[in-house]
Structures are given as structure tokens and as C-alpha cells.
Amino acid sequence: MPQPITARGPLVWRDMDQKALDDAYDQDVYAPNRPLIVTRRIAASERTRAILGPPQRVAYGPSEYEQLDIFRAAAANAPISVFVHGGAWRRNKAADYASQAEPLVHAGAHTVIIDFINVEQAGGDLFPMYEQVRRALAWTWRNAESFGGDRDRFYISAHSSGSHLAACVLACGWREEDLPKDFCKGALLLSGIYELEPVRRSKRSSYVTFTDAMVAKLSSQRHLDGLHTPLVLAYGSCETPEFQRQTQDFFAAVQGLGKPAELIIGEAYNHFELLETLANPYGLTGRAMLRQMKLV
């Protein structure tokens, strides 16, 4: 039977009423299989630890949240890949993403997966998350030699809200940590958020206390003058319309400034299915990551 037509409310962002905008920032609406994929990822991470052994756990800051996992490659002076996880700024931890390490370690790269505070632990404030991710990346670059890494081959990969935080560091945070502008030789950002204004108007404001200062500082698309890292950006064709648009607009803005960027569109992948391809050396984004790192 045909579905009843629901009247649209007043537009709150572009052509969206409040419900449409809320749905566009709620992955469960567009990816109802999220719980299955999360279960698969955690099981795969357990298998990775069984194969590679437990990671080296290191503190990069004073708080209980500021720690990271290092999975070492066999060779010394190996390239480094740092992964910044997502989770709508409110969930997940490094241990849930150990599966990212296996293809990288076998390809000859050290893999670092960082932990950091979430927005609810921070009382609704995104700044502590950004600051901890910034410090984690700076610590890893500065201490590369301590685990046999080559800081001149330093790369970042990230997903979802992790891509948002990583992009902020690449556009602004490197200056605040007094890092070289080219400290990162390439970043692969999956399904990210690069402009916070529409997110502020969505139901995510129920747990994030957005302020004018936060939206201005942590919208990386507004600070592209500070971006000096070649990017590979990716999204799935089954993602929410806003997550597709966010990456499309960011890619266009980066390219418009003549900065190096590549766009990958995962046909028939949703938000979480796309991330699964990163842990597969033959997957859509896993292959792109290894190519970016010159490990193919």
C-alpha cells in the first residue's frame, strides 16, 4: 500500500525541515544494520589482537582518557598510520578498531589507534575532544623514534566524527602544537563533518552544547588556508544526504583552492559498511590508504 504523505514542517536547513535534518544526522535511520557491523568489527579486532599480539599501550597526556595503542610492524624506521575513530562524538574506543592494524602491519607500517574523551564525558563540549586528538597526533609524531617509526612518513586515517576532529587538526591544530605544516604526508578521511552549522541545528544539539565559538573554530572548511596535507576523501552512496553533501562540499572547497584532494564514492555502501573496507587491503578505502602511503 502507498505510504501516507506526511506534511513537511518549516525549512530549517536548505531544503530540509527539522525531521529531515535530524534524520540526516542520525546514522541509524540510514544504516539500520549498524549493530551488526559494530559486532563484526569488535570480533575482528579481537582476532587481530590474537594474531598480532596485544598493542603497546602508551599515555600521551595526563588524563585517564589520553592513551593510545601501538601495533608495531616488524621493520624499524617504518611509516606510521594513526587512526581517529568516530562514533557521533559520543561512543567507541581504540580497542574496538584494532582490526585496522592487521593489513597495515603486514604491509610494513606501524599502526597507532588513539583514545580520547567523548562529548558526554566532556559535558557537551567538543573542544576537549579536539584538544586531545591534537595532542595524540603531536605526541605520536614527536615520539616516532620511541617505537621505531619514521616521522617523515606520518599518515592519518579517520572515520565520521573522527574525520571531523582530524580535519580540524590538519587545518588549525598543527599550529597550536607547533608542528611543521607538512607533518602529515597524507590523510584519508571517511564520511566526515566539516561544517558544524547544520549539525548545530539538528538533534545532535541535545548532547552537544554548540556555541558560536565552537562552530567557528571546529568547522574545518572555514580554515582551509591552514591545510597543507594531501587528502583522500570518501563517502558511501547510501549515506545520509547531509553526510554525502558534507564531503562533496569539502572536496570542492579544497580543490577550489588548488590543494591536492581525491574523492572516492563507495557505491552501495552505507556509513558503517564503508569503514569495513578500510581494514581490507583489497577493499575500496583500504587499497586507497595503502596507495597513499606508498605501500602497494
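Is Glu145 buried or exposed? Select Glu145: it is exposed, with a relative accessible area of 63% (buried means under 20% relative accessible area, exposed over 50%, partly exposed in between, with a 1.4 Å probe and protein chains only). The side chain of Glu145 meets that of Arg151 in a salt bridge at 3.7 Å, N to O (a salt bridge is a side-chain nitrogen of Lys or Arg within 4 Å of a carboxyl oxygen of Asp or Glu). Arg151 is partly exposed, at 22%.

This is a predicted model, in which local features need pLDDT of at least 70 and side-chain atom pairs count only at pLDDT 80 or more, while totals for chains, interfaces and linings use all residues. Residues are numbered from 1 along each chain as its sequence is written, and side-chain values use heavy atoms, with hydrogens and water left out.

**The sheet**

Next, show the open sheet of 8 strands, ordered β3-β4-β6-β5-β7-β8-β9-β10 with mixed pairing. Its edge strands are β3 (56-59) and β10 (261-266), each pairing on one side only. Helices (H or I, at least four residues) and strands (E, at least two) are DSSP runs, numbered from the N terminus; two strands pair if DSSP finds at least two bridges between them. Select 186-190 and 231-236: these are β8 and β9, paired in the parallel sense over 4 bridges. Ala187 stands opposite Leu231 in β9.

**Helix α6**

Select 161-176. This helix, α6, lies across β5, β7, β8 and β9 and runs at about 135° to β7. Contact means heavy atoms within 4.5 Å; axes are lines fitted to C-alpha atoms, for helices over the stretch in contact, and angles run from 0 to 180 degrees between N-to-C directions. Of the 16 residues of α6, 14 are buried, so the helix is largely enclosed by the rest of the structure. Just after α6, Asp178 takes a positive phi of about 55°.

**Charged residues**

The salt bridge count comes to 23. Select Arg40 and Glu276, whose side chains meet in a salt bridge at 2.9 Å, N to O. The pair links distant parts of the chain, 236 residues apart: Arg40 is in helix α3 and Glu276 in helix α10. Arg40 is partly exposed at 43%, and Glu276 is partly exposed at 31%.

Now select Arg14, Glu242, Arg245 and Asp249, which are linked in a network of salt bridges.

Finish at Asp22, in helix α1 (residues 18-24). Asp22 is buried yet has no salt bridge; Lys203, the nearest side chain of opposite charge, is 5.9 Å away (Lys and Arg count as positive and Asp and Glu as negative, with His and the chain ends not counted).
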